[in-house]
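Have a look at it first, and then we'll go through it piece by piece.

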Amino acid sequence: MIIAVDGPAASGKGTIARALSRHYNLPHLDTGLLYRAVAATVLRDKLTPEREADAIAACGFEDRLLEDPWLRSDEVGQIASVVSAHALVRAALLQRQRRFAAQPGGAVLDGRDIGTVIAPDAHAKLFVKATPAIRARRRHLELQKQGSPVTYDKVLADIRARDERDAGRANAPMMMAADAAPLDTSFLSIEAAVQRAVELVDARVAA
Ligand code: CDP
Ligand code: CDP
């Protein structure tokens with residue numbers, strides 16, 4: 001069983017994907033982390049994220065970089081959405097994601113283009129969303145807990161900028177697959193969102 005979970009920043013897709021992976025006992029891949037690793041490498045090596053050749057040079061990152069907490073920062077997230085717009089960067093990361101999805105028992109993947117590009121034949125597809133203000137509040141809370149002085153307004157502006165870049169790009173833009181089930185988590189607790197996600201997946205698999 002392949003489960004595709006897509007949606008914008010801080011919609012709750014990662015939390016839901018991890019919970020689904022535990023519920024169905026399937027391996028989970030956070031595909032955003034791959035783009036974040038490219039971005040972190042671009043920043044570390046002082047490359048230019050807008051230049052496709054620079055971004056491609058950063059695709060050969062070492063796997064242990066995926067464990068670095070810095071990858072989760074807003075700074076890296078913004079650059080991730082710049083490097084992820086390059087067609088050749090997406091192509092460089094495609095096989096790794098497809099291989100993960102093709103494991104014998106199945107897998108849960110979360111990102112922006114899982115249901116549309118990476119696993120168009122997934123058995124269940126969710127598109128997780130929430131209002132920009134609620135997503136910004138969630139992300140702001142996370143950053144505050146990490147000791148970041150960033151303001152709510154800055155987080156909201158960053159989320160809007162990233163939404164626009166991710167949905168507006170020509171290559172694999174963020175969008176809901178025609179056969180995906182929408183899941184709005186704006187007014188759901190984590191527990192309620194996960195319960196709803198399991199219901200939606202069970203309904204898809206039964207159908
Ligand atoms: O993976 P994505 O960026 O879409 O979001 P996440 O990391 O799963 O969730 C972002 C934050 O929102 C986390 O701190 C979650 O605990 C929180 N959250 C929430 O408050 N309510 C939900 N229904 C889902 C997530
Ligand atoms: O957790 P959050 O939603 O904030 O971000 P993420 O999922 O780690 O993704 C970071 C960036 O990587 C996104 O803003 C996208 O530009 C890019 N991305 C993508 O293009 N395709 C994916 N399948 C996953 C992430």
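What follows starts with the overall chain and then moves to a helix, some loops, a ligand shell and the cores.

First, some housekeeping: this is a predicted model, in which local features need pLDDT of at least 70, side-chain atom pairs count only at pLDDT 80 or more, and totals for chains, interfaces and linings use all residues. Residues are numbered from 1 along each chain as its sequence is written, while chains are lettered from A and ligands numbered from 1 in the order in which they are written.

UniProt, in an unreviewed entry, places the feature "domain: Cytidylate kinase" at residues 3-201. (UniProt positions use the numbering used here, feature names are shortened, and annotations may be inferred rather than shown by experiment.) Over that stretch the chain is 52% helix and 11% strand, and the end C-alpha atoms sit 8 Å apart. Helices (H or I, at least four residues) and strands (E, at least two) are DSSP runs, numbered from the N terminus.

Let's pick out α2 (32-44). Its 13 residues should span 18 Å at 1.5 Å a residue, and its end C-alpha atoms are 18 Å apart, which agrees; the expected span is 1.5 Å times one less than the number of residues. Is α2 mostly enclosed or open? It's largely enclosed by the rest of the structure, because 11 of its 13 residues are buried. Buried means that 20 or more other C-beta atoms lie within 10 Å of a residue's own; exposed means 12 or fewer, partly exposed is in between, and C-beta atoms are placed from the backbone. Those buried residues pack against β2 (28-30), α3, α4, α5 (87-101) and β3 (107-111). Just after α2, Lys-46 takes a positive phi of about 55°.

Now for Ala-58, in the loop between α3 (52-57) and α4 (74-83). Ala-58 counts as buried because it has 22 C-beta neighbours inside 10 Å. Leaving aside neighbours within four places in sequence, Ala-58 is in contact (C-beta atoms, placed from the backbone, within 7 Å) with Val-38, Thr-41, Val-42, Asp-45 and Leu-47.

Ligand 2 has 16 residues around it, and Ala-9, Gly-32, Ser-81, Ser-84 and Gly-111 come nearest. A residue is near if its C-beta atom, placed from the backbone, lies within 6 Å. Helices α2, α4 and α8 (152-168) each supply at least two residues of this shell.

UniProt's unreviewed entry also lists residues for "binding site", including Pro-8 and Ser-11. Pro-8 lies in the loop between β1 (2-6) and α1 (13-23), and Ser-11 is found in the loop between β1 and α1. Pro-8 counts as buried because it has 20 C-beta neighbours inside 10 Å, and Ser-11 counts as buried because it has 25.

Finally, the cores. A nonpolar core is a set of buried Ala, Val, Leu, Ile, Met, Phe, Trp, Tyr and Cys residues joined through C-beta atoms within 7 Å. The largest one has 28 residues, and Ala-197 is among those with the most contacts inside it. Its largest share, 5 residues, comes from α9. Leaving out residues up to four places away in sequence, Ala-197 touches Ile-16, Leu-20, Leu-126 and Leu-183. A second, separate core of 20 residues includes Leu-33, Ala-37, Ala-80 and Val-82.

Conventions: Contact = placed C-beta atoms within 7 Å.
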